[in-house]
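Please look over the model below before reading the points.

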Amino acid sequence: MAASANAQRWQSVAALLGMLLIWQAAAWVVASRLLPSPFEVTTVLLQEALQGELAFHLGVSLTRVIVSLSVAIVVGSALGYAAGRSRDADLWLKPWIVLLLNVPALVTVILIYVWLGLVETALVFAVALNKIPNVVVTIREGASRLDKDLTEMAEVYRFSGTRSLRYIVLPQLAPFFLVTLRNGLALTWKIVLLAELLGRSNGIGFQLQIYFQNFDVSHILAYAISFGVVMLAIEYGLLGPLERRLGVWRR
């Protein structure tokens with residue numbers, strides 16, 4: 001088991017090194033400031049980190065991602081579970097979910113900014129509203145597949161609602177929550193950057209707007225990669241171990 005985990009880690013490292021080599025080769029072939037090399041981007045990233053600019057804007061964006069995603073998961077999970085367990089709830093929610101799934105994030109962000117103003121609450125609300133439908137769809141799928149035999153067993157042994165939730169429902173929904181978290185992080189931080197670009201005065205999205213106006217590709221890549229590194233750290237340091245822990249009970 002440990003050998004397999006180590007092999008997987010080395011495969012991931014090899015994949016990252018391969019990406020860097022391809023990037024370096026492309027930069028060497030193009031030989032243009034519009035495609036800086038990994039070394040140039042790393043130098044810029046370190047300079048921004050030492051000056052404190054990178055940490056500040058990265059922290060602001062990451063906080064917005066966490067708050068927005070938390071709201072979306074709490075609201076979306078409740079609605080998704082209701083839709084998965086009740087046909088009437090599913091029929092009532094379906095038109096709203098389909099509509100919100102197909103409204104572009106750009107439209108939602110612009111409308112919320114117009115209605116609520118260029119404030120922090122508007123950003124969080126707009127981002128959460130974009131993510132809630134995805135959470136509902138995923139959790140609804142999991143809730144509709146709950147094992148009926150286990151549910152009947154809980155009823156026979158007179159499990160309380162809390163005990164059934166802990167030992168019957170949540171373990172079965174855990175994989176769907178993990179899918180929600182992974183997809184949520186990937187989607188939420190992109191929408192946060194869009195919202196920052198349109199209506200905030202700080203954050204990674206705001207910085208990208210400034211560097212885009214100056215055609216400063218090195219800074220654009222440095223700030224984008226910094227967030228990518230954070231996402232990789234969350235995946236391998238948090239979500240991966242959590243997935244293995246939550247899946248121990250499965251054969």
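**Notes on the model**

1. Arg145 and Glu141 form a salt bridge, with their closest N and O atoms 2.7 Å apart. The term salt bridge stands for a side-chain nitrogen of Lys or Arg within 4 Å of a carboxyl oxygen of Asp or Glu. Arg145 is exposed at 57% relative accessibility, while Glu141 is partly exposed at 35%. Here buried means under 20% relative accessible area, exposed over 50%, and partly exposed in between (1.4 Å probe, protein chains only).

2. On provenance: this is a predicted model, in which local features need pLDDT of at least 70 and side-chain atom pairs count only at pLDDT 80 or more, whereas totals for chains, interfaces and linings use all residues. Residues are numbered from 1 along each chain as its sequence is written, and side-chain values use heavy atoms, with hydrogens and water left out.

3. The protein has 10 helices and 0 strands; these are DSSP runs numbered from the N terminus (helices: H or I, at least four residues; strands: E, at least two). The C-alpha atoms fill a box of roughly 70 × 55 × 30 Å along the principal axes. Of the 251 residues, 34% count as buried.

4. A search of the whole structure finds 6 salt bridges. One of them joins Asp90 and Arg140 at 2.9 Å, N to O. Asp90 lies in helix H4 (residues 87-102) and Arg140 in helix H6 (residues 120-144), so this pair ties together parts that are 50 residues apart in sequence. Asp90 is partly exposed, at 21%, and Arg140 is partly exposed, at 21%.

5. Glu235 and Arg182 also meet in a salt bridge (2.9 Å, N to O). The pair links helix H10, which holds Glu235, to helix H8, which holds Arg182, across 53 residues. Separately, Arg64, Glu120, Glu196 and Arg200 are linked in a network of salt bridges.

6. There are 3 aromatic pairs in the whole structure, counted for rings of Phe, Tyr and Trp (its six-membered ring) with centres within 6.5 Å; planes under 30 degrees apart are stacked, over 60 edge-to-face, and the rest tilted. Trp189 and Phe227 have ring centres 4.5 Å apart and planes at 5°, so they are stacked. Trp189 is in helix H8 (residues 161-199) and Phe227 in helix H10 (residues 217-246), so the pair ties together parts 38 residues apart in sequence. Trp189 is buried at 16% relative accessibility, and Phe227 is buried at 0%.
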